[in-house]
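Thanks for coming, everyone. I'll take you through one structure today, from a single residue out to the whole chain. Have a look at it first.

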Amino acid sequence: MSKKLKKTNAARILDGLGINYEIKTYTVDENDLSAVHVAQISGLNIEMIFKTLVARGDKTGIIMAVIGGGDELDLKALARASNNKSVEMIALKELLPLTGYIRGGCSPLGAKKNYPVYLDSRALTLEKISISAGLRGMQIILSPQDLIKATNATVTNLIF
């Protein structure tokens, strides 16, 4: 590769933990930041792409849910898993101040704070998954077990 890739906080964390990963870059389409579109333009299988959603629990505060790119988060399941009575998605305007990330580039690694991470159990059926590297246009491919190690994620059923 002739162009040196910028290291993101997420990549630096994995480097520091000695975790093997691969970086996949793609051209960003500002009009469609969906994981399904990322799969189409990056050549990655949608089954392996996982998105990071940020929510607020009534008892625990900010939490992150990592689910399949084509899946829909079950907020009740996330509430149960995180010991909250209720959980709601944060407003988009809160994403950057809370995490340091923008929509389409939110990673469960390297946020401003180490928020609790909940990983959908379907990830464990895959050898490798892809998460945002913390920038639009860049994905990190790693084993689900390594993501769990790096984020201390709780594995649970999070989708409908």
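**Starting from the inside**

Isoleucine 129 has 0% relative accessibility, so isoleucine 129 counts as buried. Keep in mind that this is a predicted model. Where does isoleucine 129 sit? It is in strand S6.

Now its surroundings. Set aside the neighbours within four places in sequence, and isoleucine 129 is in contact with Met48, Phe50, Ala123, Ile140, Ile141, Leu142, Pro144 and Leu147. Glycine 68 is 61 residues away from isoleucine 129 in sequence. In space, their C-alpha atoms are 9.1 Å apart.

**Helix H5**

Two of those contacts, Pro144 and Leu147, take us to the next element. Which residues of H5 are buried? They are Pro144, Leu147, Ala150 and Thr151. Looking down the axis of H5, these residues fall within an arc of 120°, so they line one face of the helix. The general rule is simple: an α-helix has 3.6 residues a turn, so residues three or four places apart point the same way.

What covers that face? The cover for the buried residues of H5 includes H1, strand S3 (61-68), strand S5 (117-120), strand S6 (129-132) and S7.

Then the helix, residues 144-151, comes to its end. Asparagine 152 follows H5, and its phi is positive, near 55°.

One step on is alanine 153. It lies in the loop between H5 and strand S8 (154-156). Is alanine 153 buried or exposed? Its relative accessible area is 11%. The cut-off for buried is under 20%, so alanine 153 is buried.

Its partners come next. Beyond the neighbours within four places in sequence, alanine 153 is in contact with Val117, Leu119 and Ile148. Take valine 117. It is 36 residues from alanine 153 in sequence, and 4.7 Å from it in space, C-alpha to C-alpha.

**Helix H1**

Back towards the start of the chain. H1 covers residues 9-17, and its buried residues are Ala10, Ala11 and Leu14. They span an arc of only 95° around the axis, which puts them on the same side of H1. What do they pack against? Strand S7 (138-142) and helix H5.

Just after H1 comes glycine 18. Its phi is positive, about 70°.

**Stepping back**

Now the whole protein chain. How many helices and strands does it have? There are 5 helices and 8 strands. From the N terminus, the order is α-β-α-β-β-α-β-α-β-β-β-α-β.

On overall dimensions, the C-alpha atoms fill a box of roughly 50 × 35 × 30 Å along the principal axes. A compact globule of 160 residues would have a radius of gyration near 15 Å, and the protein chain has 15 Å, which agrees.

Buried residues make up 46% of the 160 residues. Of the contacts with a separation of 6 or more, 62% join residues 24 or more positions apart.

The accessible surface of the protein chain is about 8400 Å², and carbon and sulfur atoms account for 50% of that. As for charge, the chain has 20 positive and 15 negative charges.

Note on methods:
Residues are numbered from 1 along each chain as its sequence is written. This is a predicted model: local features need pLDDT of at least 70, side-chain atom pairs count only at pLDDT 80 or more; totals for chains, interfaces and linings use all residues. Side-chain values use heavy atoms; hydrogens and water are left out. Helices (H or I, at least four residues) and strands (E, at least two) are DSSP runs, numbered from the N terminus. The radius of gyration is taken over C-alpha atoms; the globule rule is 2.2 Å times the number of residues to the power 0.38. Buried means under 20% relative accessible area, exposed over 50%, partly exposed in between (1.4 Å probe, protein chains only). Contact means heavy atoms within 4.5 Å. Accessible areas come from the Shrake-Rupley method with a 1.4 Å probe; for residues, only the protein chains shown count as cover. Lys and Arg count as positive and Asp and Glu as negative; His and the chain ends are not counted. The place of a charge is taken as NZ of Lys, CZ of Arg, CG of Asp or CD of Glu. The arc is that of the directions from the helix axis to the C-beta atoms.
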